[in-house]
Each structure stands twice: as C-alpha cells, then as structure tokens.
Amino acid sequence: MQIGVIGLGRMGGNITRRLIQNGHEVVVYDHDPNAVAALGRDGAIGAKGLDTLVDQLRAPRAIWIMLPAGKITEDTIVQLARLLAPDDIIIDGGNTFWKDDVRRAKMLKGRSIHYVDVGTSGGVWGLERGYCMMIGGPKAVVDRLDPIFKALAPGLGNVPRTVGRDGRDPRAELGYLHCGPSGAGHFVKMIHNGIEYGLMQAFAEGFDILKNANSESLSEDARFDLDLADIAEVWRRGSVISSWLLDLTASALASDPKLAGFEGVVDDSGEGRWTVMAAIEEAVPADVLSAALYTRFRSRRDHTFAEKILSAMRKGFGAHVEPKDHKGTPS
C-alpha cells in the first residue's frame, strides 16, 4: 500500500522504516531536509513540500501526520485540506487532544475528506517491537487502512493468548484496535498515558523508599543498605510487578546506580492533564492519576530520587530528555 508520512522525528522516522520493511511504499516530508534524505537512504520517497507530497501520492491518498500536538499539527491539517481531494484520508498519529479530533473530523467531512485518529504507543522501540495503536474513525475508512496498521502492530509475538476471547475482535491481540468514532482512539490513548503516569509514580516512590532505607533518622537496627539495581533485576523474574517499565528501570540502575545523570525534572506532554480533566467531567475519582501528575509539577521545583527514576524510565521508553529550563510546559 502507498502512504504519505509527515514528520520524521523519533516516532515518524521509525514508523516509516517499519512500513518500508513490510513492503509498503512511503512518501515522506519533514521541514528538515536532512531527515527526508536519511529516510530516502532507507527506501522512502522524499518530497520537498506538502504540495509535492500530495502530487506524488495516488488517489485515493492516505497521509499519516506524526507531529507534536497543537498548532503545528493543526496548521498542517488545514494546509492538507486545501490540497487533498474527496475520499482522501488524513491520519493523526500524534498525541492530539481527542476533542480536537472530533472538531477536525467534522470540518474535513464538509470537504469529503476522511479523518482517522491513532493513539500510538511504542516510543523509540516501535521499529523493533511494533506499535500498539488505538484507532478512531469511520469503520470503512479504518478497514481500508488495515494493511498499514497490521504492518505497524507488534502481532501476537510471544505474549500468551487470553483465554475466553473467542468471537471478539482479533485485531486487539495483534496490537491494534478500532476503538470507535472520531476521537475515540486518542481518548483511549489519553487514558493509557494517564495510567502510565500512575504506574511510573508507583515504581518511583517504591524505589525512593528502598533508597532511603539506610536513613540516619532510623534506628541502627532498622537500617538496610540495599542494592537497587539487583532488586529491580530480581523483580523482573517472575514477580507480580514485572513489566516493561521495570525492565527500563533495571537497565537504568544497572548502568548508573545513583542515577547521577538525571536531575529529577519530570516533564509532562499533556495527556496526564487531559486524563484528569476527563475524570472531572465524568465525576470519576482518579486519586492516583491526579497525584502522579501533581508530582511531576512538583519535580520542577524540588527533586528526589523518585523523580530521577521517573526521568530514567521516560528516557528509556521515549528518549525523553529532561527540560533544562525546568518550566515543564506541555506540548
């Protein structure tokens, strides 16, 4: 299948490479010509602008946008809407606020252009592991794009199959799911990221308690000098809390036991805030997820070992670098 990709950063570049590896023809554009040239060496077809990218795609076209949520994505969609023809598809694979998806889908429907939102999880490891995708949009359009989603998804892999799933959507166990109409994909991804905040915070606080088990404020016979790297490693082996986040933590502690390479400044990219907003709108208590978000705010003022654990995990799964200005403005 032929597809266009706009935005060739960490995620967009690897999405392009995985599609090429699975036999798809990909036309790419990025404001950085070096990024376009690099993907060209990997088999992509480069475009010099949005107009040339559209011209190089066969109708009906499909274009995947992989840009930061906000103005740059909004502007790109507005420009594409002027260039595309009826029955073409715009796919937003970034971390867009789901209410923006609903609005955009209505706007594009007036031009007979289809809109699909894809919550994409997998970070910098997606090229190797595949991407978990939560998809929103019209069923017929999502079905048309199935070869793309199937190529990007991790597949069954070595994950044990869940008993009792007979008759259910087979795509879910392959790593992608049509969640519902426009906005549903990014809504599910938003909650996914909110849960991610809570899980990360639980690990961070737990390791902070372990680190401080030798505090001088404790009586001498109640102190423990614990090896956090070894504890993280043993927890990976058969424990109830084994997970990819724990894998990343173990790796970080093995290479830098004191996490001296991190300050503990933890940014947030917006989804945690939107998750809490959704909880408020639905009157659903979200104590853990709210507290995890507020801890990230606090980290920009006072830093503990827990925040270093959080920073280490974020670098591990998404190559996120601690902000140097410590303001932590969401993107």
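This is a predicted model: local features need pLDDT of at least 70, side-chain atom pairs count only at pLDDT 80 or more; totals for chains, interfaces and linings use all residues.
**Entry 1**

I began with the strand order. I found 8 strands in an open sheet, arranged β3-β2-β1-β4-β5-β6-β7-β8, with mixed pairing. I then looked up the edges: β3 (45–46) and β8 (176–180) are the edge strands, and each of them pairs on one side only.

I next examined one pair in detail. Strand β5 (residues 89–92) runs parallel to strand β6 (residues 114–121), and 4 bridges join the two. Within this pair I noted Ile91, whose bridge partner in β6 is Val116.

**Entry 1: helices across the sheet**

I looked up which strands helix α4 (residues 71–83) lies across, and recorded β1 (2–6), β4 (62–65), β5 and β6. The angle of α4 to β4 is about 165 degrees.

**Entry 2: the loop between α3 and β4**

I checked the peptide bond from Ala59 to Pro60 and found it cis, with omega near -5 degrees. Pro60 sits in the loop that connects α3 (50–55) with β4.

Arg61 belongs to the loop between α3 and β4 as well. Is Arg61 buried or exposed? I recorded a relative accessibility of 15%, so Arg61 counts as buried, the cut-off being under 20%.

I then traced the polar contacts of its side chain. A polar atom of the Arg61 side chain lies 3.0 Å from the backbone oxygen of Val54. The Arg61 side chain also reaches the backbone oxygen of Leu57, at 3.4 Å. Leaving aside residues up to four places away in sequence, I listed Val54, Leu84, Ala85, Asp88 and Ile89 as residues that Arg61 touches. Of these, Ile89 falls within β5, which spans residues 89–92.

Ser112, which is not a glycine, has a positive phi of about 60 degrees. I located Ser112 in the loop between α5 (98–109) and β6. Its relative accessible area is 40%, and Ser112 is therefore partly exposed.

Leu259 has a positive phi near 50 degrees, and it too is a residue other than glycine. Leu259 is placed in the loop between α11 (244–255) and α12 (271–282). With a relative accessible area of 0%, Leu259 is buried, whereas Ser112 is partly exposed.

How values were computed:
Residues are numbered from 1 along each chain as its sequence is written. Side-chain values use heavy atoms; hydrogens and water are left out. Two strands pair if DSSP finds at least two bridges between them. Contact means heavy atoms within 4.5 Å. Axes are lines fitted to C-alpha atoms, for helices over the stretch in contact, and angles run from 0 to 180 degrees between N-to-C directions. Buried means under 20% relative accessible area, exposed over 50%, partly exposed in between (1.4 Å probe, protein chains only). A polar contact is a pair of N or O atoms within 3.5 Å; within protein, one must be able to donate a hydrogen and the other to accept it, and residues adjacent in sequence count only if both atoms are side-chain atoms.
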